[in-house]
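Please look through the sequence and the structure shown below before reading on.

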Amino acid sequence: MEQCGHTVLNTGVKQKDTNRAIVIAVSCRAIFDLEEEHRLSETHQIAKENEPLKEGTAFNFIKAAQMVNEKLLEKNPKEKLLFDVILVSNNSPQSGSQIINSAKHYGLDITRFCFVSEEDSTKYLHSNNVKLFLSADKTDVCNALKRGIPAAMVFKQEVVALSDQLRVVFDGDAILFSAETERIFREKGLCEAVNYEKLRESVPIGEGPLKEFAMLLGEMRKKFSLDNSPLCIYLMTSRSNRDMSARAIKTLRAWGLEVNEAFFLDGAPKDPILSQIQPHIIFDDGMHHIWGAQGVGTPAALVPSSC
């Protein structure tokens with residue numbers, strides 16, 4: 001298999017079966033706070049290589065995924081459907097030791113570290129069977145999406161204390177589902193969008209950019225009982241419960257994707273519910289929802305609607 005970058009380091013963590021694993025590629029700036037380090041020269045970065053980096057926005061999401069792995073292996077030591085995390089960095093290999101040391105410091109189960117200098121690292125994602133790419137760089141996220149890789153952009157933000165479970169929230173249109181109805185709403189208004197949905201109520205909505213990742217989470221969640229699962233999946237959409245929820249529910253049923261809870265908010269803010277759920281991440285395509293999530297300390301990941 002083609003490696004994910006010019007320099008790939010393995011830390012001795014047992015390799016997972018990438019044909020079955022849910023491979024998550026995360027950029028260094030997404031999992032660690034590198035604001036101070038980016039202002040330093042490479043020489044100064046090397047001098048600080050034994051100082052652990054601060055936790056970044058995606059840190060707790062990755063840590064919780066590792067906890068789910070542990071629960072899966074407790075149930076079945078031969079389990080193959082596990083999270084497999086790759087860390088991608090534009091740092092040079094010479095200054096990458098602080099990143100590796102930080103991962104060791106926090107006990108992160110990261111199998112591969114890829115140092116790819118300034119080139120487009122997303123060209124290595126397909127060959128590594130990546131199912132989700134998280135980055136703080138919009139260009140990288142857009143490049144990944146154009147290559148057909150589920151991807152989202154995270155921002156530097158404060159993160160509140162999170163649930164013991166891995167809780168993942170998906171927006172509906174343009175995230176789990178295609179943007180077909182959203183386009184009609186923007187171009188022709190709500191009435192036309194509602195009529196469009198009613199006429200196609202029994203026809204599954206097209207697939208959105210994160211559908212495949214959500215399906216894999218759903219498969220993983222089925223390995224646990226409902227009352228004792230370390231993984232919870234949520235749908236949180238601006239669709240109206242009265243007029244536009246039926247097609248969404250029937251689509252999930254047709255896909256075989258079971259969510260723990262679904263919220264049809266009719267355009268209402270999402271942050272009051274997010275503050276109660278305390279998820280590790282929400283995927284959304286609207287900046288106003290991203291800002292709302294950030295306001296209550298929920299790690300927010302933007303899937304750009306245009307690149």
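Among the contacts in the chain with a separation of 6 or more, 77% are made by residues 24 or more positions apart, where a contact means heavy atoms within 4.5 Å. This is a predicted model, in which local features need pLDDT of at least 70 and side-chain atom pairs count only at pLDDT 80 or more, while totals for chains, interfaces and linings use all residues. Residues are numbered from 1 along each chain as its sequence is written, and side-chain values use heavy atoms, with hydrogens and water left out.

**The chain as a whole**

- The chain has 307 residues, of which 54% count as buried; buried means under 20% relative accessible area, exposed means over 50%, and partly exposed lies in between (1.4 Å probe, protein chains only).
- Its accessible surface is about 13900 Å², and carbon and sulfur atoms hold 48% of that area, as found by the Shrake-Rupley method with a 1.4 Å probe, where for residues only the protein chains shown count as cover.
- The secondary structure consists of 11 helices and 13 strands, which are DSSP runs numbered from the N terminus (helices are H or I with at least four residues, strands are E with at least two).

- A pocket is an open set of points on a 1 Å grid over the protein atoms alone, where a 1.4 Å probe fits and protein lies on both sides within 12 Å along at least five of seven lines; lining residues have an atom within 4 Å of a point.
- The largest pocket has a volume of about 470 Å³, a volume being the space filled by probe spheres set on the points, which are joined across faces, edges and corners.
- Of the 21 residues lining the largest pocket, Asp173, Glu182, Phe185, Ser238 and Arg239 are the closest to its centre.
- By class, the lining of the largest pocket has three nonpolar, nine polar and nine charged residues; Ala, Val, Leu, Ile, Met, Phe, Trp, Tyr, Cys and Pro count as nonpolar, Asp, Glu, Lys and Arg as charged, and the others, Gly among them, as polar.
- The second largest pocket holds about 390 Å³ of space, and of its 19 lining residues Asp33, Gly56, Thr57, Lys156 and Gln157 lie nearest its centre.
- The lining of the second largest pocket has eight nonpolar, five polar and six charged residues.

**Helices α3 and α4**

- The 17 residues of α3 should span 24 Å at 1.5 Å a residue, and this agrees with the 25 Å between its end C-alpha atoms, because the expected span is 1.5 Å times one less than the number of residues.
- The buried residues of α4 (residues 97–105) are Gln98, Ile99, Ile100, Ser102 and Ala103.
- Asparagine 101 is also found in α4, but it counts as partly exposed because its relative accessibility is 27%.

**Residues with positive phi**

- Asparagine 129, in the loop between β6 (110–115) and β7 (130–135), has a positive phi near 60 degrees although it is a residue other than glycine.
- Aspartate 266, in the loop between β11 (261–264) and α10 (271–277), is not a glycine either, yet has a positive phi of about 55 degrees; aspartate 266 is exposed, with a relative accessible area of 55%.
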